[in-house]
Amino acid sequence: MPFLFSFLRLLAVVMALLAVPTIALAQAAEDAFTRLGADSFSDTARAIDILVQSAHPNAAVVIEALADGRLLAGGGAVAVKTKEGGFLDARTGQALTAAPAGLNAVRLNNNVRRVIQGALGGLGLINPDPGKRVAAAEAVFRARDVSVLPVLEAAIAKETDNRARRALREAQAAILIAKTDAPPFDRIAAVDVLRERGDQDALATLRALPGDASPGLKEAQARAIAEIEGKLALWRAGQNLWYGLSLGSVLLLAAIGLAITFGVMGVINMAHGEMVMLGAYTTFIVQEVIRARFPGLFDWSLAIAIPAAFIVAGAVGVAIERGVIRFLYGRPLETLLATWGISLILQQAVRTAFGPTNREVGAPAFMSGAFELGGLAITWNRLWIIVFAALVFAALLAILKLTPMGLQMRAVTQNRRMASAMGIRTGRIDALTFGLGSGVAGLAGVALSQIDNVSPNLGQSYIIDSFMVVVFGGVGNLWGTLISAMSLGVANKLLEPYAGAVLGKIALLVFIILFIQKRPRGLFALKGRAVEA
Amino acid sequence: MITRFLLSNMDKRGYAFLAIVAAIGLLVPLANLLMPAGSPLHVSTATMSLWGKYLCYALLAISLDLVWGYCGILSLGHGAFFALGGYAMGMYLMRQIGSRGVYGNPVLPDFMVFLNWQELPWYWYGFSSFPFAMLMVLAVPGLLAFVFGWFAFRSRVTGVYLSIITQALTYALLLAFFRNDMGFGGNNGLTDFKDILGFNVQAQGTRAALFAMTCVMLISGFLIARGIVTSKLGKVVIAIRDAESRTRFLGYRVDRFKLFVFTVSACMAGVAGALYVPQVGIINPSEFAPANSIETVIWVAVGGRGSLVGAALGAVVVNWAKTVFTSGFMAPYWLFALGALFVFVTLFMPKGILGTAQGWWESRKRPAPVPAPEPAPAE
């Protein structure tokens, strides 16, 4: 009997889709309107199903109105209140001149809402736009409303677009899985369809398999779940790897300037984080000016901020070197204290000038949004930051290897006194190096303004991580810094799912402390006499 | 013999310091307890607690000076030892609350009841006993310093590298203690203390006794540190500061000397923390913040690195200045002042207040001083 019933429904739908108005369908629609008037939840739900299957010309209007609570019924009359405030007769679709009296809004509960969702999906399945059909199929997939099944099957038969057909098939599978009276063979096939879909939703649908399933179906379900879970775990690992690379590139940006100054001058610059902060605030100011004066240039704001941040942070760096650090040569620990003092002053200066609260830095169009690559969700801003970090790294490498200044810097790093004896003005190199390192920190600030809060404390939150990167990677070797930043970033993100964010970080800190015992000069130590000094 | 060890080579400055601290430790509690509130000689309980806090910091500064000023190890993690001592004391005080907590649980502290813990974690056992807790005040920081130093000094991690990993150490502890799962009260730390040794922590008499105890400990800490640096062992330690490799080549086991001094110093910092907690009334993870440890370094630098009296003086002066600054209209500018202090002291007063004053005094006595050879910079 149920089979016969569903056959009849299918038949009815097919005929409806062919737009053959029949007396039977007209009667069915009339039945639906009567049920709507009864204002009981089960009747309403049933009425929605009937409306969808009868392909009543007003079905979409009526169901949408119902969803919004704009459907009024009472005493056999059913009216739709339009969004503009007018009234329509639900049966004929003709405008009513006056507000019908004695009608009340048809009430909804969660079950009815679910049916409505399914029904609206069912109506969208025959939309001429393939994109809309896919969206409708997705809605059906989530609602899993059995009554849409006939519409769905008819739609599949007609479907020509591959993507839409797949979405429709998946929606059908989702319904079949939940439908206990469907043929077992179809349900096993449905499990296969979901297995191929292989995402979180498919997993949830498979898990929701009713308890009555046959052993064969259960086995297929278990296999499919295992396979999907395996696949998802792989994607998750990939996603974590991506996050790790992204974090690594942020660390690289923050630490590479530090690595340069430390390598050449043997000085840990505690104010390095504040250079990052200055870069971020420069970005903020550039954007404010652009917003106020040249709103059309907004998408270029970061491109303009990059040289500005480099110059601002670099100039402050040179000023610090000339003003304080050069008097403290050969006393690295004192330098550490003095630069810490400078960092306090800079923080407080920024706090006084801009206030202690976070400043909003906007994202240009090309940096906002995300896209999906297989099972990976990739945000544009992270992608661009990785690209930016790579560019900065390449540029620094080029400066160090290809320019006369880089040559002199390397000479000073390896043996300061010998370099001096060869006629290199080490003082000038120190100032330029410090300016370069600080300027790079400013560039990091531009990038960080896109993913972190621009506040006076911005630098503080990165300084310890930057130290770890430099100490781990070794001094005077940019590749060491790159490898160190990337491995710390990836390790951090891979540990996070197992240990939690905080424990993961603690584990890394402990690891670095132990690592330093083994290799006191980092991964890639400079060899030579100078480092023994 | 011990007296001779402690008082040998004591100079005038040392005696003056001992006399002043002893006088403060005796007179301030008396002035607080015996003088009527209106009297000009009266010291309010709040002021006394405040100065008690400064003196705890002074002890911390002495402990840091012992490793930095005399052994050349710039520890940026001494705040961690201080906080660990404080936590050990805090755990004792928490256990003394008993069933008077908000939830009235006789065994579990309030925060554990709040987190639905069923029983006391094993590492809380024994803390209801005062002697055990005091042992832990020494043992926990001492053990951590011993293990950390064992690894670091044997593998010859020196200079900025050592500073950075001590900072990583305190940062890791900061993160760890922020976690609720650690069982140390998470973010809020330990507070709401009631009794210490059966006396109400809030009571005036207890406060006065704690203050006097702080002075006693400061004197003991000073004498121990003084004893170490003036002994033969101290000579080796200073030699390590000035020329580590040379000392090693002379046949001394540099790592063992460093380890000894570092461990003693950590225990001393732990005691300072333990005295700090009942007077301030709370211990929370922010004590582990790397910035705190760096601030301790600046106290020592301001007072005079390599002079125990100077370190104590620096701690009191800087913290007093901080209180004055941050309570008035100048509050927003405190960080400017502190930052400028860092820069000024390192640039212009490398010997701190005391060293500079001494140099000035000596140059007045001898109009044409022979410039003493600068000690080689510590790494």
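Trainee: Hi! How many Å separate the centres of domain 1 of chain A and domain 2 of chain A?
Mentor: Taken over C-alpha atoms, the two centres are 58 Å apart. Domain 1 of chain A covers 2-207, and domain 2 covers 235-494 + 521-532; these bounds come from an automatic or database domain assignment.

Trainee: What should I know before I read on?
Mentor: This is a predicted model, where local features need pLDDT of at least 70, side-chain atom pairs count only at pLDDT 80 or more, and totals for chains, interfaces and linings use all residues. Residues are numbered from 1 along each chain as its sequence is written, while chains are lettered from A and ligands numbered from 1 in the order in which they are written.

Trainee: What are the ipTM and pTM scores of the model?
Mentor: The ipTM is 0.85 and the pTM is 0.78.

Trainee: And what is the mean pLDDT of chain B?
Mentor: Chain B has a mean pLDDT of 88, with 94% of its residues at 70 or more. That score is the predictor's confidence in each residue, from 0 to 100.

Trainee: Where in chain B is confidence lowest, and where is it highest?
Mentor: Helix H1 (residues 2-7) of chain B is lowest, with a mean of 60, and helix H11 (residues 254-280) of chain B is highest, at 95. Where pLDDT is low, the predicted coordinates should not be read in detail.

Trainee: Back to chain A. How many helices and strands does chain A have?
Mentor: Chain A has 21 helices and 7 strands. Helices (H or I, at least four residues) and strands (E, at least two) are DSSP runs, numbered from the N terminus.

Trainee: Is chain A spread out or compact?
Mentor: Chain A is more spread out than a compact globule, because its radius of gyration is 34 Å, well over the 24 Å that the globule rule gives for 533 residues. The radius is taken over C-alpha atoms, and the rule is 2.2 Å times the number of residues to the power 0.38. Along its principal axes, the C-alpha trace of chain A spans about 105 × 60 × 35 Å.

Trainee: How about chain B?
Mentor: For its 379 residues, a compact globule would have a radius of gyration near 21 Å, and chain B agrees with 21 Å. Its C-alpha trace spans about 70 × 55 × 50 Å along the principal axes. Chain B contains 15 helices and 4 strands.

Trainee: What share of the residues in chain B is buried?
Mentor: Buried residues are 45% of the 379 in chain B. A residue is buried if 20 or more other C-beta atoms lie within 10 Å of its own, exposed if 12 or fewer, and partly exposed in between, with C-beta atoms placed from the backbone. In chain A, buried residues make up 45% of the 533.

Trainee: Now the interface. How many residues of chain A are in contact with chain B?
Mentor: 35 residues of chain A are in contact with 40 residues of chain B. Contact needs C-beta atoms, placed from the backbone, within 7 Å.

Trainee: Which helix of chain A gives the most to that side?
Mentor: H14(A) gives the most to the side of chain A that touches chain B, with 14 residues. By class, that side has 25 nonpolar, 6 polar and 4 charged residues. Ala, Val, Leu, Ile, Met, Phe, Trp, Tyr, Cys and Pro count as nonpolar, Asp, Glu, Lys and Arg as charged, and the others, Gly among them, as polar.

Trainee: What covers the buried residues of H14(B)?
Mentor: The cover includes helix H14 (332-354) of chain A, along with helix H12 (290-303) and helix H15 (352-365) of chain B. Among the buried residues of H14(B) are B:Leu338, B:Phe342 and B:Val345.

Trainee: New topic: is B:Asp65 buried or exposed?
Mentor: B:Asp65 is buried, because 32 other C-beta atoms lie within 10 Å. This residue is in helix H3 (residues 45-68) of chain B. B:Asp65 and B:Leu308 are 243 residues apart in sequence, yet 6.5 Å apart in space, C-alpha to C-alpha.

Trainee: Last one: what is the phi of B:Asp192?
Mentor: B:Asp192 has a positive phi of about 65 degrees, although it is not a glycine. Most residues other than glycine have a negative phi. B:Asp192 sits in the loop between strand S1 (190-191) and strand S2 (195-196) of chain B, and is partly exposed, with 17 other C-beta atoms within 10 Å.

Technical notes
Contact = placed C-beta atoms within 7 Å.
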